[in-house]
Amino acid sequence: MDPETGGFPKSLKGNSWKATLVLAFQSLGVVYGDLSISPLYVFRSTFAEDIKHSETNEEIFGVLSFVFWTLTLVPLFKYVFIVLRADDNGEGGTFALYSLICRHANVSLLPNKQVADEELSTYKYECPPDTANRSRIKVWLEKNKRLHIALLIVVMLGTCMVIGDGILTPAISVFSAVSGLELSMSKEHHEYAVVPITCFIFLCLFALQHFGTHRVGILFAPIVMTWLLCLSGLGIYNVLHWNPHVYQALSPYYMFKFLKKTKKGGWMSLGGILLCMTGSEAMFADLGHFSYTAIQIAFTFLVYPSLILAYMGQAAFLSMNHSPYTSHHPIGFYASVPECIRWPVLVIAILASVVGSQAIISGTFSIINQSQSLGCFPRVKVIHTSEKIHGQIYIPEINWMLMILCIVVAVGFRDIKHMGNASGLAVITVMLVTTCLTSLVMILCWQKPPLLALTFLLFFGSIEILYFSASLIKFLEGAWLPILLALFLMTVMFVWHYATIKKYEYDLHNKVSLDWFLALGDKLGVVRVPGIGLVFTDIISGVPANFSRFVTNLPAFHHILVFVCVKSVPVPFVPSSERFLVGRVGPPSHRSYRCIVRYGYRDVHQDVDSFESELIASLSDFILLKARSSAETSSKSANSLENDQLTVVGSNMRMHYPGHSTTLRQSSNASEHSGGGAGNTIELARASAGKKVRFLLEERSNSALSEAEMEELEDLLAARESGCAFILGHSHVQAKSGSPIMKKLAINVAYNFLQKNCRGPDVSLRVPPASLLEVGMVYVL
């Protein structure tokens with residue numbers, strides 16, 4: 001995989017057929033584990049209670065027809081041919097769609113928006129904004145602020161259901177695979193064997209998460225490949241052996257015949273049929289790890305035919321076997337497996353269920369990290385499980401919560417029917433959210449006629465609403481669980497996001513003027529101490545209130561002062577060469593700077609040593625660049641405050657934005673290798689850590705540096721050797737007196753509880769405790 005992007009190497013994402021086929025094979029283990037395991041429980045959930053398998057076979061043929069057309073219309077047509085094209089720089093998923101919409105319409109609720117962010121290389125438009133037609137829908141969306149909130153709530157709903165799916169999918173997958181023991185054991189014994197074995201598998205699966213999947217990930221694709229070939233072989237055998245004419249049931253006529261006979265029971269049984277689509281969303285969510293063509297080939301030519309053959313084989317077997325599976329053992333996958341190979345199939349099924357569970361667990365970690373980066377989830381500790389593969393992360397607290405909830409679901413339900421009802425509602429809700437967001441992408445990003453987007457919404461939306469209604473009617477039979485989880489998670493996410501926005505508005509309103517900051521000096525008893533002070537704030541201009549509080553209580557600050565704003569941008573990744581925006585706060589003699597650090601929603605924050613080194617290197621590059629630019633434009637005043645000028649290090653072109661003078665140039669690190677020994681070297685090093693940041697000044701560059709600029713670089717060197725201090729705000733939030741009761745509950749109770757029990761900003765920013773200074777702040781919102 002590519003360490004920069006978390007996906008597979010770009011060499012494998014080329015146009016060669018060999019590379020594409022390799023990616024298609026690898027996608028089996030990551031994308032299709034969940035979808036491929038669905039034949040274990042679809043028929044069993046469908047025939048659990050609402051309909052019975054009669055001698056006429058109308059029910060079994062009708063269910064097969066529904067399964068065939070559902071798999072054809074939704075995973076194949078909707079996802080493979082349409083939704084997969086709605087990628088965000090190669091990334092897929094709910095946040096990718098939301099990111100695309102926010103870039104093409106002003107509907108984002110994220111603070112700290114800058115014009116400079118639009119010049120990121122990953123901040124690309126489907127259509128140029130100056131030539132794109134401003135449709136009525138776009139104008140209506142941008143003007144109505146309530147629609148911005150509604151759109152975010154829809155995205156949160158989809159996210160919550162994905163997290164819920166991370167609990168329910170492992171439970172039903174592993175439980176269904178292990179339930180194959182019931183055909184080899186008596187009813188009294190298998191009831192006491194299936195649940196403990198399932199819980200033991202969960203304990204092992206979640207306990208091994210912190211090791212990462214890169215060590216055993218190479219086995220995932222062969223396991224799923226073996227499972228799919230096993231399904232195909234069993235399907236062909238059962239069709240030829242039991243009922244070669246079962247293909248006739250693929251006709252849509254059998255669906256209408258089924259509904260005509262079963263009426264309400266048939267409609268309610270759709271809640272079990274929809275489970276055949278479980279895992280379809282993974283094709284889109286994991287798009288960033290593979291190419292569009294690779295996922296398309298894998299599904300169209302292997303996964304889809306294997307699943308159809310598997311369902312046809314089960315239907316062929318059941319059409320000739322009626323009575324034995326209504327008393328002791330219900331209808332299920334293992335009944336159609338010949339007894340001589342039942343044990344090997346059981347082992348392969350359990351392995352495939354573990355692979356499918358691993359994929360959805362990793363996806364849950366990823367989407368929680370994305371939610372956190374967009375300010376929609378409390379801070380959690382994100383750990384890299386691989387030094388080479390960027391995308392593999394582990395979140396300890398989420399991991400153990402998922403394990404406990406999976407065990408609770410398995411022990412509490414002990415029934416595939418109830419698990420299926422719960423999982424089905426989560427799956428179909430995510431699909432509905434994707435359909436709605438994709439319709440907006442068609443209008444806003446692809447510039448398609450609204451009528452075409454409406455046709456897409458009505459066609460696929462009507463299918464999904466039909467299944468959604470059948471799942472929702474099972475509220476008391478298990479469907480209450482994803483609704484309860486979604487309500488809880490949405491409450492947490494919305495409260496956290498609301499309070500985060502209000503805190504930002506408070507900081508913006510209470511920031512200190514630049515004149516007050518520049519007036520600080522010896523006359524007021526404020527002294528400058530050696531070292532570098534990194535003041536973290538959420539605002540991108542002005543002096544934050546937490547710094548004024550810090551100086552008021554401790555009248556001293558560091559010789560080199562940097563106001564650092566770590567912000568999220570609605571793109572999946574920000575290239576490291578474009579991550580830092582640097583500018584001065586006040587004149588050069590004040591030695592105060594502003595640094596805006598930009599991350600995408602799939603980026604993971606750097607470790608503190610790497611962050612500190614890159615920050616110091618960016619400051620040095622900024623000083624050198626300003627020296628060159630001042631030499632070129634001598635008419636520019638040397639004493640201007642330059643508070644509005646920000647510099648991006650990393651490109652060789654210059655761009656200007658309204659209110660910002662942003663200069664992009666090639667990093668000075670590149671000249672270190674090309675300059676040879678013709679220049680002078682400034683090397684910043686911390687004696688204790690042994691880590692060095694080296695800057696090479698070429699002869700021609702050195703000659704252009706004035707004495708003041710050389711002194712500024714030397715001050716940076718001296719401050720670096722004295723060490724860095726990280727100054728963070730430690731906030732307490734309370735609602736204003738006279739606020740509505742709901743606001744008081746949200747702020748005073750819910751948010752403060754979350755803030756006290758989640759990770760602090762020092763953990764998410766990876767700040768070493770020895771270098772941390774916390775400033776108490778009270779926010780009255």
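Is His 558 buried or exposed, and what is its relative accessible area? In this predicted model, His 558 is buried, with a relative accessible area of 10%, and because buried means under 20%, the value falls within that class.

## His 558 and its surroundings

His 558 belongs to strand S4, which covers residues 556–568. When neighbours within four places in sequence are left aside, His 558 is in contact with Arg 528, Val 529, Pro 530, Gly 531, Ile 532 and Gly 533, and also with Ala 725 and Ile 727.

## The chain as a whole

The protein chain has 781 residues, of which 58% are buried, and its secondary structure comes to 26 helices and 13 strands. Among contacts between residues at least 6 apart in sequence, 80% join residues that are at least 24 apart. The chain exposes about 32,200 Å², and carbon and sulfur atoms supply 62% of that area.

Helix H1 runs over residues 17–31, and its 15 residues should span 21 Å at 1.5 Å a residue, which agrees with the 20 Å between its end C-alpha atoms. Its buried residues include Ala 19, Thr 20, Leu 23 and Ala 24, together with Ser 27, Leu 28, Gly 29 and Val 31. What covers these buried residues of H1 includes helix H2 (33–36), helix H9 (220–242), helix H12 (280–285), helix H13 (292–319) and helix H14 (342–373).

In helix H5 (residues 94–104), 11 of the 11 residues are buried, so H5 is largely enclosed by the rest of the structure. Among them are Phe 95, Tyr 98, Cys 102, Arg 103 and His 104. The buried residues of H5 pack against helix H6 (136–143) and helix H7 (145–178), as well as against H12, H14 and H16.

Helix H16, one of the elements against which H5 packs, has 29 residues (416–444) and reaches 42 Å from its first C-alpha to its last, close to the 42 Å expected at 1.5 Å a residue. H16 is mostly covered, since 27 of its 29 residues are buried. At the start of H16, a side-chain oxygen of Asp 415 comes to within 3.2 Å of the backbone nitrogen of Lys 417.

Pro 449 is found in the loop between H16 and H17, where it is partly exposed, with a relative accessible area of 47%. Although Pro 449 and Ser 135 are 314 residues apart along the chain, their C-alpha atoms are separated by 9.5 Å.

Phe 475 lies in the loop between helix H17 (450–472) and helix H18 (480–509), and it is partly exposed, with a relative accessible area of 38%. Because a patch is made of residues with over 30% relative accessible area, Phe 475 at 38% passes that cut-off. Together with Leu 476, Trp 480 and Leu 484, Phe 475 forms a nonpolar patch on the surface, and the accessible area of these residues together is about 440 Å².

## Asn 752 in helix H25

Asn 752 lies in helix H25, which covers residues 741–757, and it is buried, with a relative accessible area of 6%. A polar atom of the Asn 752 side chain lies 3.2 Å from the backbone oxygen of Asn 748. With neighbours within four places in sequence left aside, Asn 752 is in contact with His 732, Val 733 and Ile 747.

How values were computed
Residues are numbered from 1 along each chain as its sequence is written. This is a predicted model: local features need pLDDT of at least 70, side-chain atom pairs count only at pLDDT 80 or more; totals for chains, interfaces and linings use all residues. Side-chain values use heavy atoms; hydrogens and water are left out. Patches are made of residues with over 30% relative accessible area and no salt bridge: like charges are joined within 9 Å, nonpolar side chains (Val, Leu, Ile, Met, Phe, Trp, Tyr) within 5 Å. Accessible areas come from the Shrake-Rupley method with a 1.4 Å probe; for residues, only the protein chains shown count as cover. A salt bridge is a side-chain nitrogen of Lys or Arg within 4 Å of a carboxyl oxygen of Asp or Glu. Helices (H or I, at least four residues) and strands (E, at least two) are DSSP runs, numbered from the N terminus. Buried means under 20% relative accessible area, exposed over 50%, partly exposed in between (1.4 Å probe, protein chains only). The expected span of a helix is 1.5 Å times one less than its number of residues. A polar contact is a pair of N or O atoms within 3.5 Å; within protein, one must be able to donate a hydrogen and the other to accept it, and residues adjacent in sequence count only if both atoms are side-chain atoms. Contact means heavy atoms within 4.5 Å.
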